[in-house]
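Please look over the sequence and the model below before reading on. The text then goes through a few of the contacts in turn.

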Amino acid sequence: MTFLAKGFNVSYGNDIAAPALDSLGDYVLVTQPEPWALLKNRVKNQPVQIIQSGDLSPEHLDHLADTSPAITIVGLGGGSAMDTAKWIHWRRSLPLVQFPSLPSVDACFTRMSALRDRGGVRYEGDAVPEMVNVDFELFRAAPRAMVTSGIGDVLSCHTAWYDWKFAANQGKDEYGWSEEKTQISHIYLDELFNCAEGIKNLTDDGLRRLMELHRDIGWRCHELSHARFEEGSEHFFAYTFEEVTGRTILHGELVSMGVQIMSHFQGNNPERVRETIARAGTRHRLSDLDITEAEVLETMRRLPSFTVEQNHWYSYARTLNPKTYDDQGILDLLNW
Ligand SMILES: [Zn+2]
């Protein structure tokens, strides 16, 4: 079955960003240094104002929104540029046009911005861009790991699907799990498996199909008003890692690590997860990710209690008992 995505208006192509900016009229550019450096000299229609993204505190974003000229808002960059542009657009009801420079997250296809508030992440807002322009040349100019990590928030459907079903079987599901409703997870995962080599090789086809998956997932989160199909014990592993270590790594690589570990404990086809990661060329060895064995094992020990404290959705992560597994086995799952 061919996968057909729903979601925001999108335009795909090579070297489409500069001509698209030239056709916009006056605009404020929300960006980061790297993607703008690539485009700057090729854009005739220069921005009226440039805002560097990075600070995602609500106070800062509101200040940007309050002081922005009333013209089109353009986001160019990764998640923080997308989220900042979304916030100004939403607060001021100004037109929004997005140019993601990385396929690492789906921020260009989701409505809410991820705010950093009092040490945590909070989602708020309701942004709908007029167009998301995906220029493959921007992706190809980025460090390769930023592209191949883009599978993480699709691969998460593998373990999240199991967790949702697991919760339903335990009478702890708030969202009405059914075989039929969650069939889409398998369609996403098959599509990801099939386009993974194209992602690794940075082909137009592979990159477009990855973005189409992000587009449909962003649309579905809004339709369902929840992300249960996409977020489960693999994300809870990632959040626990951040709590335990006080730092983070590329989101998609951390989530992929969580999928590998949790699918193993779930007895949920970990071989298929590994093969998808291998085909996409996503980094997974601890040495490549600059993570120590102690950090992984400490995260595993903390995971069950942290997920309860944080009131995460009921998932397989709650059932882990360090007395029942072998530490070396977990490390071996990652170091292949
Ligand atoms: Zn995620």
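In this predicted model, helix α7 passes helix α8 in a left-handed crossing. On the α7 side, the residues that make the contact are Val-154, Leu-155, Cys-157, His-158 and Trp-161. They meet Ser-185, Tyr-188, Leu-189 and Leu-192 of α8. Sorted by class, the contact of α7 with α8 has seven nonpolar residues, two polar ones and no charged ones.

For α7, which spans residues 152-169, and α8, which spans residues 183-200, the angle is about 140 degrees and the axes are 9 Å apart. Roughly antiparallel would need an angle over 145 degrees, and the pair is therefore classed as oblique.

By class, the contact of α7 with α10 has one nonpolar, four polar and two charged residues.

Now to the division of the chain. The protein is divided into domain 1, residues 10-142, and domain 2, residues 145-334. Their C-alpha centres lie 27 Å apart. Where the domains touch, 15 residues of domain 1 are in contact with 20 residues of domain 2. Which elements each supply at least two residues of the domain 1 side? They are strand β1 (10-13) and helix α5 (136-141). Helix α5 gives the most to that side, with three residues. The side of domain 1 that touches domain 2 has 10 nonpolar, two polar and three charged residues.

Strand β6 (residues 113-117) and strand β7 (residues 120-124) pair in the antiparallel sense, over five bridges. One of the bridge pairs joins Asp-117 to its partner Gly-120 in β7. Together β6 and β7 form a hairpin, with two residues between the strands. In the turn, Arg-118 has a positive phi of about 45 degrees.

Definitions and conventions: Residues are numbered from 1 along each chain as its sequence is written. This is a predicted model: local features need pLDDT of at least 70, side-chain atom pairs count only at pLDDT 80 or more; totals for chains, interfaces and linings use all residues. Axes are lines fitted to C-alpha atoms, for helices over the stretch in contact, and angles run from 0 to 180 degrees between N-to-C directions. Helices (H or I, at least four residues) and strands (E, at least two) are DSSP runs, numbered from the N terminus. Angles under 35 degrees count as roughly parallel, over 145 as roughly antiparallel, 65 to 115 as roughly perpendicular and the rest as oblique. A crossing is left-handed if the near helix is turned anticlockwise from the far one by less than a right angle, and right-handed if clockwise. Two residues are in contact if their C-beta atoms, placed from the backbone, lie within 7 Å. Ala, Val, Leu, Ile, Met, Phe, Trp, Tyr, Cys and Pro count as nonpolar, Asp, Glu, Lys and Arg as charged, and the others, Gly among them, as polar. Domain bounds come from an automatic or database domain assignment. Two strands pair if DSSP finds at least two bridges between them.
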